[in-house]
Amino acid sequence: MARVRTTLTIISICALALTACAKTDEPGAAQSPGQQQGPVKIGISLPLTGDFSEPGKGIQEGYQVWADQVNARGGLLGRKVELIFRDDASDPNRVSSDYESLITQDKVNLVFGPFSSRLVIPAAKVAESYGMLFVEPAGAAAEVFEQGFTRLFYAAPAIASDHYNYLADYILKLPADQRPKTAAYASLDDPFAQGTAYGLRDKLAAAGVKTVVDEVYPPETTDFAPIAAKIAAAKPDLVVGGTQFEDSVGLVRALQELKVQPKLAAFSTGPTLAEFPAAVKGAAEHILSPVGWSSTATFTGNQEMVKRYKELFGGEANEDAANGYTVGQIVEAAVNAVKCVDPTKECQDKLTQHIRQGTFDTVVGPLSFDDKGRPEQAHMIQQYVNGKVEIVLPEQAKTASIVYPKQEW
Amino acid sequence: MVSLLLQGLALGVLTGGLYALLASGLSLYFGVMRVVMVAHPAFLFLAAYLTYTVHTTLGVDPFLALPLTVPLFFALGVAVQRLLIARLAPDNLAMMSVLLTFGIALTIEGLLGTFYTGSYKSVSMEYATRSLSLGGVHLPYDKIIAFAVAGLTLAVLFAVLVKSRFGQALRATIQHREAARLVGIRTERVAGYGFGVGLATAAVGGTVLALITPFFPASHWVWIGKLMAIIVVGGLGSVVGAALAAVLLGVVEGVVLVTVDATWATMMFYVFLFLTLLARPQGFFGGRLAHRF
């Protein structure tokens with residue numbers, strides 16, 4: 001535990017001192033004779049403080065694990081990788097100026113994306129205006145892909161509205177007597193969270209599952225009991241939450257207190273975090289969530305990533321770290337294929353074209369992208385079964401069978 | 001529909017009680033010292049974290065952390081007032097106190113992030129996830145507990161303010177500082193203790209919050225707007241006004257939530273704040289009593 005804390009402290013100090021540590025802790029990165037270019041500098045702004053600090057740090061760790069492994073393999077095109085982090089404090093204005101200065105002042109070779117759709121859009125605008133390739137780990141909302149970006153790629157299996165695709169298929173294939181008839185939706189007012197819940201809502205509604213509650217709550221909401229009261233009054237067969245952590249816990253607790261007993265409960269982000277079962281006590285059992293990554297999967301590099309993460313940071317890798325790592329894998333593959341890593345238009349164009357046409361083996365599985373930068377795969381569905389997180393959908397990835405209807409909470 | 005309204009009403013009253021507890025400290029600081037204490041919610045979550053530590057290391061009920069946190073927070077309050085607030089220039093105290101306490105809030109947030117990391121913490125008790133059913137209305141135990149603790153704390157606070165010599169000195173200081181000093185009240189010391197009492201309520205509020213919601217270092221920001229709205233509607237400086245406004249706003253929030261939606265419910269705080277400033281800037285309940293209790 002002490003080591004974890006020390007590591008975390010060092011990381012936070014590095015983050016605070018911005019580039020200072022990145023520059024000093026790699027003596028080998030100094031220019032060697034015969035190679036006047038120096039290290040490959042990669043500029044990244046992340047929400048290391050503020051609302052998104054927790055996932056922001058996860059992404060940062062993923063980037064660090066990737067850089068560590070690339071450097072162990074000899075770097076990108078024989079040059080060491082140096083990550084330059086900025087902290088945007090979850091502020092969309094700061095994320096823009098961070099990327100401006102990374103590109104113009106620090107003269108980075110590449111940029112990687114920040115966390116959350118809200119920060120990805122302003123960041124991608126800057127990258128686009130300087131003609132930089134922009135692979136990002138966490139901008140899944142539909143809006144991200146409607147801005148006309150030509151150099152943006154989302155390095156995860158699916159955009160928000162496709163997260164629940166496997167679950168929608170499963171529900172719609174149930175025999176008529178078991179098939180749910182009514183569903184309640186509650187979502188945080190956030191493009192990503194809403195995107196996930198509405199993707200499922202629209203598919204089920206089109207197939208005749210009636211929407212009986214459709215509630216949106218602002219991020220300031222602290223009390224979920226009245227929302228649960230509305231859901232209780234409608235007695236739905238399904239409860240679906242477009243949630244992050246605090247609200248997923250708030251909703252589960254409130255639904256439990258108000259004795260709402262749906263046949264199936266699905267929440268997008270909260271249940272995927274390790275803190276969830278303790279926060280809701282026994283109520284986690286049989287809750288479903290879409291998940292883009294699994295620590296047990298055997299996709300390219302996954303087991304090495306999980307192992308190295310543990311060595312560097314002490315804890316278990318999570319989905320955020322995996323998403324950061326995935327960005328690195330894709331860009332690394334592109335750089336090695338086109339043999340250049342300059343901030344020039346020609347080189348960035350070549351990298352962009354390569355990513356648009358290829359399929360990339362990553363820790364979240366093989367990824368390919370459509371012309372807007374949307375990934376073309378789908379998320380797995382996880383469920384708490386006997387207190388353990390199991391992958392229950394799709395069939396070919398499952399570690400346990402889906403439990404339906406769920407037990408009472 | 002009727003039962004849903006009743007449910008919303010009942011939940012609103014219970015939540016309003018909690019709001020009253022959380023806002024009482026804020027009202028006290030303003031009443032005693034004209035200090036706008038932006039860091040109050042940060043202290044609430046500091047208390048929540050301490051409760052978490054006591055609960056996880058000793059394995060005891062979260063409320064057993066109170067004998068530790070309440071005196072600690074009282075001492076902390078006296079120290080903050082004597083070492084920091086008392087040094088601010090009296091001319092623009094209200095404004096400078098916002099800046100100072102904003103800094104304190106950021107410091108607490110940073111320290112919590114360093115010591116506890118940014119991940120979510122929670123204190124879940126078995127008894128906090130069940131509810132009492134009366135007719136068709138469910139009353140969650142965690143909210144009943146929060147309401148009861150709030151009621152008890154506020155009752156103690158009133159008893160202290162009305163019955164004790166310290167309370168009388170505090171009220172005299174609030175009513176007229178110069179006059180209080182003339183009759184021999186050591187207003188500086190009283191102000192320090194007043195601040196301590198305010199933070200002691202934060203210790204209680206933090207424990208209750210820990211029981212009902214998960215938290216991370218930046219959690220306090222969503223509370224400051226709500227709590228400020230409550231004390232302005234209630235009449236700045238009036239503890240009774242704050243309590244009444246808290247219950248009123250809790251009920252409005254609960255009812256609007258079940259009849260309209262959550263976005264409107266959250267907005268009601270600011271609608272009431274706006275209306276109050278337009279119609280009765282001194283607050284609806286405190287009014288001319290705002291300077292007293």
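## A leucine in chain B

In which helix of chain B is the place of B:L244? In this predicted model, B:L244 belongs to helix α10, which runs over residues 239–259.

Together with B:L248, B:F284 and B:F285, B:L244 forms a nonpolar surface patch, and the four residues share about 330 Å² of accessible area.

Chain B carries the UniProt annotation "transmembrane region", taken from an unreviewed entry, over residues 6–28, 35–52, 64–85, 97–116, 144–162, 190–216, 228–249 and 256–279.

Let us look at two of these spans in the model. Residues 64–85 of chain B are 82% helix and 0% strand, with 31 Å between the end C-alpha atoms. For residues 256–279 of chain B, the figures are 92% helix and 0% strand, and the end C-alpha atoms are 22 Å apart.

## The annotated domain of chain A

Over in chain A, an unreviewed UniProt entry gives the annotation "domain: Leucine-binding protein" to residues 39–387. This span is 41% helix and 18% strand, and its end C-alpha atoms lie 46 Å apart.

## An aspartate in a loop

A:D370 sits in the loop that links β12 (365–367) to β13 (380–385) of chain A. Is this aspartate, A:D370, buried or exposed? A:D370 has a relative accessible area of 18%, and the cut-off for buried is under 20%, so A:D370 counts as buried.

Leaving aside residues up to four places away in sequence, A:D370 touches A:R356 and A:E376.

Definitions and conventions: Residues are numbered from 1 along each chain as its sequence is written. Chains are lettered from A and ligands numbered from 1 in the order in which they are written. This is a predicted model: local features need pLDDT of at least 70, side-chain atom pairs count only at pLDDT 80 or more; totals for chains, interfaces and linings use all residues. Side-chain values use heavy atoms; hydrogens and water are left out. UniProt positions are given in the numbering used here, feature names are shortened, and annotations may be inferred rather than shown by experiment. Helices (H or I, at least four residues) and strands (E, at least two) are DSSP runs, numbered from the N terminus. Buried means under 20% relative accessible area, exposed over 50%, partly exposed in between (1.4 Å probe, protein chains only). Contact means heavy atoms within 4.5 Å. Patches are made of residues with over 30% relative accessible area and no salt bridge: like charges are joined within 9 Å, nonpolar side chains (Val, Leu, Ile, Met, Phe, Trp, Tyr) within 5 Å. Accessible areas come from the Shrake-Rupley method with a 1.4 Å probe; for residues, only the protein chains shown count as cover. A salt bridge is a side-chain nitrogen of Lys or Arg within 4 Å of a carboxyl oxygen of Asp or Glu.
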